[in-house]
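Thanks for coming. I will go through one structure today, starting with the overall form and ending with two residues.

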Amino acid sequence: MSIEKLEEQKNEMLEELEGIQEVCDTLPECELDDGCKTCKTKSKVEELEQKIEEVEEKIEKLTQADEED
Ligand SMILES: [Zn+2]
């Protein structure tokens with residue numbers, strides 16, 4: 001997979017992440033202290049963050065491989 005595609009994927013996920021975080025901010029349960037610890041939105045955010053991290057790692061590896069050429 002090309003770096004460009006991965007960057008695209010990452011940007012899409014970042015946008016999705018932002019949208020989810022906005023929803024989380026408006027949930028009544030999330031206004032409570034520690035409310036976010038149990039909200040479903042939070043686990044989605046963590047899942048996405050994990051995926052974004054993986055894509056970033058792939059991009060980094062590809063970038064390094066490019067520089068070695
Ligand atoms: Zn929340």
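Let me begin with the radius of gyration: the protein has 16 Å, whereas a compact globule of 69 residues would be near 11 Å. Please keep in mind that this is a predicted model.

What is it built from? The protein has 2 helices and 0 strands. One is helix H1, residues 3-26, and the other is helix H2, residues 40-68.

Next, burial and contacts. Of the 69 residues, 3% count as buried. Now take the contacts in the protein with a separation of 6 or more: 61% of them are between residues 24 or more positions apart.

Now the two residues. Glu8 sits in helix H1. Is Glu8 buried or exposed? Glu8 counts as exposed, because it has 12 C-beta neighbours inside 10 Å, and a residue with 12 or fewer is put in that class. As for distances, Glu8 and Thr63 are 55 residues apart in sequence, and their C-alpha atoms are 15 Å apart in space.

On helix H2 we have Lys44. Lys44 has 16 C-beta neighbours inside 10 Å, so it counts as partly exposed. That class lies between the cut-offs of 12 or fewer for exposed and 20 or more for buried.

Notes. Residues are numbered from 1 along each chain as its sequence is written. This is a predicted model: local features need pLDDT of at least 70, side-chain atom pairs count only at pLDDT 80 or more; totals for chains, interfaces and linings use all residues. Helices (H or I, at least four residues) and strands (E, at least two) are DSSP runs, numbered from the N terminus. The radius of gyration is taken over C-alpha atoms; the globule rule is 2.2 Å times the number of residues to the power 0.38. Two residues are in contact if their C-beta atoms, placed from the backbone, lie within 7 Å.
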